[in-house]
Each structure stands twice: as structure tokens, then as C-alpha cells.
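Biologist: I have this model open and would like to go through it with you. Could you pick a starting point?

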Amino acid sequence: MKTNHILNAALIAASLSSAGAVAAGDWKYSLGTDVSSGDYGDVAETEIVSMPFTASFSPNDRWTFKASLPWTQVEGPGGVIPGGDGGLVLGPGNGNGNGNGNGNQGSDEIVMTDEAGLGDLWLTGSYSLDPIAGQYFVDLSAKYKVPLADEDKGLGTGEADYTLQTEVFTSIGPYTPFVTLARKFKGDLPEVELRNVWYTSVGSGYRLNDTSSIGASLDYQQAATDTADAQTELFGYFSHKLDNQWSGMVYAYLGLSDGSPDQGFGVQISYRPAN
């Protein structure tokens with residue numbers, strides 16, 4: 001569920017370190033695990049485990065292309081569909097047959113599902129503009145979701161989505177404040193019309209030394225349905241460069257609204273082959 005956070009953290013951590021220099025023909029591979037849980041305003045908790053593998057390629061210092069494919073497990077009443085670009089909260093009474101006991105079931109009966117499998121493939125292209133006034137950096141990104149996840153298992157929507165995103169950051173001593181703004185275009189479900197939503201993130205990285213950095217952000221995303229709440233989360237991370245090829249990151253986040261998980265945490269390890 002936290003791909004936006006992870007990409008923001010990785011970008012800021014890279015900009016805070018000499019490891020962030022990108023050479024032509026630069027490849028990078030990352031493997032992570034994200035664990036989250038919360039009731040999302042429903043009658044029972046949803047637990048999600050996601051293990052994304054990401055490959056990125058930078059042909060030059062302007063362009064970066066990424067592909068990310070997760071293995072995902074979700075257990076809950078069916079009101080949450082995991083995803084690599086913020087996921088989708090349908091809300092209680094989601095119409096998937098995984099209701100909260102208000103139909104022909106007993107009032108205390110909750111139907112829970114436990115499914116696992118491949119998630120959706122996300123393809124991303126990013127372009128870095130020339131610095132504005134020599135100190136403000138702007139990255140423009142376009143993301144496209146290839147709907148590979150099994151919608152019958154509740155692992156995806158079965159529809160293509162895409163996102164247009166702008167990120168602006170600068171460097172002030174050891175700090176790297178940033179602002180992200182994105183518009184997400186959702187493919188409609190058979191029985192649910194989804195809204196296109198805005199996403200924004202405001203935060204900063206802080207360089208501890210030449211190899212380590214920390215950072216935090218406040219993130220907000222509009223609700224995609226009438227029955228769900230907006231997502232509001234507080235996110236923090238620690239990133240460490242192990243050597244010229246290996247780096248790692250741990251992070252955690254806290255939900256501030258019913259549209260978000262109550263809490264979550266994750267770890268990511270990245271490898272950059274020597275040129």
C-alpha cells in the first residue's frame with residue numbers, strides 16, 4: 001500500500017547522499033516487505049502483506065524507468081483492495097459478497113477472506129527538469145498499472161489505472177524538504193464507480209552523515225468511493241548506504257483516518273551493480 005511513500009523516501013535519501021549520483025546505463029534492483037493492519041472503518045481488521053520486487057533503469061541523468069511487481073496476501077472482510085499506488089478502500093458493504101453480517105447472515109457473523117498471489121504490475125517513467133533558480137528540483141512521473149492481480153481473490157480491480165505526478169524538492173543544509181502532487185485515474189469496477197483522486201505528500205529528509213538519512217512526511221489521498229474515507233497518514237523512514245552497491249531502508253507509518261491502515265511498517269534492500 002505504501003509505494004508512494006517508499007519512492008519519496010528513496011528519492012530524498014538518494015538526493016541526501018553521494019550514492020544518489022546516477023550514471024548512464026545505471027540499473028537498480030530492490031526487494032521489500034510491507035506489513036499493515038487496520039479496520040478502515042469496517043467491523044473487522046484487514047491485514048495486508050506485500051513483497052514488491054522493483055527494477056529501475058536510468059539511461060541518463062534525466063530519465064528513470066521502473067517496473068514493480070509484488071506478491072501480496074490480504075486477510076479481512078473484503079473492503080480493501082491492496083495496490084502498489086496507494087491501494088483502494090471500498091468501505092463497508094463493498095458488494096463483493098464479503099459483507100459485515102448485515103445481509104442474510106447472523107448479526108454477529110463476519111465473513112473473512114484470506115487470499116494471496118501476484119499483485120498488479122506498475123510501470124513508471126520519470127523525467128528530471130533543469131533545476132529552477134539552481135536549487136529547486138522537479139521530477140515529472142507517469143505511472144501505468146497493468147492489471148495482473150486476480151480480481152476474484154480481491155487482490156486487484158482487474159482494471160488499468162494510471163497516475164500523473166509532480167515532485168518538487170530542494171536542499172537546505174542537511175535538510176531536503178519536498179512536496180508531491182499526483183492525480184490518480186481509476187478504472188471502474190463492475191458494480192462500483194470509482195472517482196479519480198488527488199494525492200499529496202509534504203515532508204523532508206535529513207542527512208545524518210555521508211551514509212545515513214532519516215525523513216518524515218504527511219500524506220493525504222482523496223477517497224475513491226462514497227462509502228470510504230480519505231487516506232491520511234504520517235510516515236517516517238531511516239535509510240543507510242551499506243557500500244557503493246548495497247543500501248537499505250526501514251520505515252513505519254501511522255494512519256490518521258478510517259481510510260488508512262491503523263499502522264504499518266516495512267523494510268527494503270536495494271542493489272546497484274557496479275558499472
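Modeller: Let us begin with Arg 195, which is partly exposed, with a relative accessible area of 39%; buried means under 20%, exposed over 50% and partly exposed in between, using a 1.4 Å probe and protein chains only. Please keep in mind that this is a predicted model, in which local features need pLDDT of at least 70 and side-chain atom pairs count only at pLDDT 80 or more, while totals for chains, interfaces and linings use all residues. Residues are numbered from 1 along each chain as its sequence is written, and side-chain values use heavy atoms, with hydrogens and water left out.

Biologist: OK, and which residue forms a salt bridge with Arg 195?

Modeller: Arg 195 forms that salt bridge with Asp 226, with 2.2 Å between the closest N and O atoms; the term stands for a side-chain nitrogen of Lys or Arg within 4 Å of a carboxyl oxygen of Asp or Glu. The pair links distant parts of the chain, 31 residues apart, as Arg 195 is in the loop between S10 and S11 and Asp 226 in the loop between strand S12 (212-221) and strand S13 (231-241). Strands here are DSSP runs of E with at least two residues, numbered from the N terminus.

Biologist: Is Asp 226 buried or exposed?

Modeller: Asp 226 is exposed, at a relative accessible area of 68%.

Biologist: How many salt bridges does the count come to?

Modeller: By this rule there are five. One of them joins the side chains of Arg 62 and Asp 130, at 2.1 Å from N to O. Arg 62 lies in the loop between strand S2 (46-58) and strand S3 (63-76) and Asp 130 in the loop between strand S7 (121-128) and S8, so this pair ties together parts that are 68 residues apart in sequence.

Biologist: Then what about Lys 145, and what is the closest N to O distance to Asp 120?

Modeller: The closest N and O atoms of Lys 145 and Asp 120 are 3.7 Å apart in their salt bridge. Lys 145 is in strand S8 and Asp 120 in the loop between strand S6 (113-118) and S7, so the two, 25 residues apart, link distant parts of the chain. Lys 145 is buried, with a relative accessible area of 4%, and Asp 120 is buried as well, at 5%. Asp 120, Lys 145 and Asp 161 are linked in a network of salt bridges.

Biologist: Changing topic: how do S9 and S10 pair?

Modeller: Strand S9 (residues 161-170) and S10 pair in the antiparallel sense over eight bridges, where pairing requires that DSSP finds at least two bridges between two strands. Thr 166 stands opposite Leu 181 in S10. The two strands form a hairpin with four residues between them, and Gly 173 in the turn has a positive phi of about 60°.

Biologist: And which residues make up the covered face of S10?

Modeller: The covered face of S10 (residues 175-185) has Thr 176, Phe 178, Thr 180, Ala 182 and Lys 184, while the uncovered one includes Tyr 175 and Phe 185. In a regular strand the side chains alternate between the two faces of the sheet.

Biologist: Which residue in S11 is the bridge partner of Arg 183?

Modeller: The partner of Arg 183 is Trp 198, and S10 and strand S11 (residues 197-207) pair in the antiparallel sense over ten bridges.
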